[in-house]
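This report examines side-chain contacts and backbone features in one protein structure. The sequence and the structure are shown first.

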Amino acid sequence: FITSSFSLVITLVFWFAGGFNYLDRIVRGWDLHSIWAGLLYIGILTFLNSAISLPFSIYSTFVIEERFGFNKTTVKTFILDMLKVTLLSLVLGGPLLAGVLAFFQYAGTFAWLYTWIAVTLFTLVIQFIAPTWIMPLFNKFTPLEDGELKDAIMAFATKVKYPLSGLFVIDGSKRSAKSNAFFTGFGKNKRIALFDTLIEKHSVSELVGILAHEIGHYKK
């Protein structure tokens, strides 16, 4: 509540003080191509927003989570996560934003339609490559070992006709003592990940029940 309220107040103050317009005039004064100007404009705003929210993120992780015994994140992991997110934003978000700006600059009346199509395709591609290329940048995915748990999960997935290309254990304990599970991907490239903390604290039947919950997200 405090974080959201603070963010809203800062945004409104910046808005009514003419901050967006002021920054726009500064960036346009650099006499860059409109697309580069747009990228810098959004980039500066994103940097400012990240700088303002950083203390809250630090407090949430190293004070609140620590207070209740959940935090396992080291300062090194926290910093590396920020750097990776920033790099991904530049590598993936930069070209996407440039494309959006280019459509509105040159595509005319139907720029909104072309933009919608491009962003939709981009989102689908990201969904496809995320399990293989993006998520492993943050966590280690280890194939679930053969045994009772894997057999029970695969039997259930087959029963409900859930095509599964991978079943993995993720090192969630690297950041938190909390437990979780998720599925990602689409088509034949779907995978399910169980946090190591989840496996430690639940029986096979309970884990299959949790898996059923995750598959429910996919079915409905």
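The sections below treat salt bridges, aromatic contacts, a nonpolar surface patch and selected backbone features.

**Salt bridges**

The model is predicted.

| Pair | N to O distance | Location |
|---|---|---|
| Arg28 and Asp24 | 2.9 Å | both in helix H2 |
| Glu65 and Lys178 | 3.0 Å | helix H3; loop between S2 and strand S3 (181-184) |
| Arg175 and Asp81 | 2.8 Å | loop between S2 and S3; helix H4 |

Arg28 and Asp24 are 4 residues apart, about one turn of helix H2. An α-helix has 3.6 residues a turn, so residues three or four places apart point the same way. Arg28 is exposed, with a relative accessible area of 61%, whereas Asp24 is partly exposed at 22%.

The salt bridge of Glu65 with Lys178 links distant parts of the chain, 113 residues apart. Glu65 counts as buried because its relative accessible area is 18%, under the 20% cut-off. Lys178 is partly exposed at 38%. The charged end of Lys178 also sits over the ring of Phe70, 5.2 Å from its centre.

The side chains of Arg175 and Asp81 meet in a salt bridge, and this pair too links distant parts of the chain, 94 residues apart. Arg175 is buried, with a relative accessibility of 18%, and Asp81 is buried at 16%.

**Aromatic contacts**

The whole structure contains 8 aromatic pairs. One of them joins Phe14 and Phe20 edge-to-face, with 4.8 Å centre to centre and 80° between the planes. Phe14 is partly exposed at 28% relative accessible area, and Phe20 is partly exposed at 29%. Together with Trp15, Phe14 and Phe20 form one aromatic cluster.

Phe62 and Phe78 form another edge-to-face pair, at 5.4 Å centre to centre with 65° between the planes. Phe62 lies in helix H3 (residues 34-67) and Phe78 in helix H4 (residues 75-106), so the contact ties together parts that are 16 residues apart in sequence. Phe62 is partly exposed, with 26% relative accessibility, while Phe78 is buried at 11%.

A charge over a ring occurs at Phe138 as well: the charged end of Lys84 sits over this ring, 5.8 Å from its centre.

**Nonpolar surface patch**

A nonpolar surface patch of about 1100 Å² is made by residues including Phe104, Trp116, Leu124 and Phe186. Helix H5 (residues 111-134) provides the largest share of the patch, 7 residues. Trp116 is placed in helix H5 and is exposed, with 55% relative accessibility.

**Backbone features**

Gly18, which follows H1, has a positive phi near 80°.

Positive phi values also occur in residues other than glycine. Asp31 has a phi of about 55° and lies in the loop between helix H2 (19-28) and H3. Lys161 has a phi near 60° and lies in the loop between helix H6 (148-159) and strand S2 (166-170). Asp31 is exposed, with a relative accessible area of 70%, and Lys161 is exposed with a relative accessible area of 70%.

Methods. Residues numbered from 1 in each chain as written. Heavy atoms only, no water. Phe/Tyr/Trp six-rings, centres within 6.5 Å; stacked < 30°, edge-to-face > 60°. Buried < 20%, exposed > 50% of the residue type's maximum accessible area, 1.4 Å probe, protein only. Helix = DSSP H or I, 4+ residues; strand = E, 2+ residues; numbered from the N terminus. Lys NZ or Arg CZ within 6 Å of the ring centre and 35° of its normal. Patch = residues over 30% accessible without salt bridge, like charges linked within 9 Å, V, L, I, M, F, W, Y side chains within 5 Å. Areas by Shrake-Rupley, 256 points an atom, 1.4 Å probe, with all protein chains shown as cover. Salt bridge = Lys/Arg side-chain N within 4 Å of Asp/Glu carboxyl O.
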